[in-house]
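I opened my notebook to look up a pocket, a helix contact and a ring pair, and to write down each term with its cut-offs.

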Amino acid sequence: MKLHIVKTKDELAQKAYDVLIDVIKSSDEVTLGLATGSSPEGIYEIFRAEKPDVSHVTTVNLDEYVGLAADHDQSYAYFMDQHLFNHLPFKATHLPNGLATDQAAECARYDEILAANTPDLQLLGIGTNGHIAFNEPGTSFELTTNVAELAPETVEANSRYFDSPADVPTHAFSMGIKSIMQAKKILLIASGEGKAEAIKGMIEGPVTNEMPASILQNHPDVTVIVDAEAGSLLK
Ligand code: F6R
């Protein structure tokens, strides 16, 4: 793993953007795996300002809440539209369909999309409990796309975006760890002291499915960019 510790969130976003742009410019056919949440917001802001050519870039997102329509203002499809897809003309963009009624068929459909579009780079955030996508502690490393039950701490963390706790989705379609590990390159970003334990476990702890992100120790090309707070517990 290559680790960069930066001072500010702005610096983090710029450094991550630079890594993404190198991949975007590396070929005339590129697939990017993208993430939602607060961590990548600064990166997408730079995309909106810089407007790089992405007409040759296909995107695949990590996850989508079960039960939310693409136009629901808390769905990840909506998040991606607002932050990125409405602003830049990507070649194609993919997310799981939160409203799919046949969940097994939806997971299979997404696996087919991933098989045809292996990310050249997968962007990841990390949960305070070490989850990547919605692969919560205890999840098998062997899963491909699956319906994940969100851990109580994840529901709690996500509740900041919803009016009432009862509205917070409890399940999500999520790329599995096995799918994530297929990406040629992985870029994980984290900021704030709430992520410090997870960053320490991911980098210095044993590889265990109790700390899902620790599997990244087994991937040949991982870059981690954290701010000082998220990196504060590292030796
Ligand atoms: C989002 C995702 C999640 C988040 C993680 C961190 O697509 O898959 O794993 O990356 O929950 O969320 P933030 O960035 O909001 O702290």
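My entries on these topics follow.

I note that this is a predicted model, in which local features need pLDDT of at least 70 and side-chain atom pairs count only at pLDDT 80 or more, while totals for chains, interfaces and linings use all residues. Residues are numbered from 1 along each chain as its sequence is written, and side-chain values use heavy atoms, without hydrogens and water.

**Helix contact.** I looked up helix 2 (residues 41-50) and helix 3, whose axes come within 9 Å and cross at roughly 45 degrees; helices here are DSSP runs of H or I with at least four residues, and strands are runs of E with at least two, numbered from the N terminus. The axes are lines fitted to C-alpha atoms over the stretch in contact, with angles from 0 to 180 degrees between N-to-C directions. Helix 2 is therefore oblique to helix 3, since under 35 degrees counts as roughly parallel, over 145 as roughly antiparallel, 65 to 115 as roughly perpendicular and the rest as oblique. Glu41, Tyr44, Phe47 and Arg48 in helix 2 meet Phe79, Met80, Gln82, His83 and Leu84 in helix 3, where contact means heavy atoms within 4.5 Å.

**Ring pair.** I found 7 aromatic pairs in the structure, meaning rings of Phe, Tyr and Trp (its six-membered ring) with centres within 6.5 Å, stacked under 30 degrees, edge-to-face over 60 and otherwise tilted. Because Tyr65 lies in strand 4 and Tyr76 in helix 3, the pair ties together parts 11 residues apart in sequence.

**Pocket lining.** Helix 3 also gives the most to the lining of the largest pocket, with 5 residues; a pocket is an open set of points on a 1 Å grid over the protein atoms alone, where a 1.4 Å probe fits, with protein on both sides within 12 Å along at least five of seven lines, and lining residues have an atom within 4 Å of a point.
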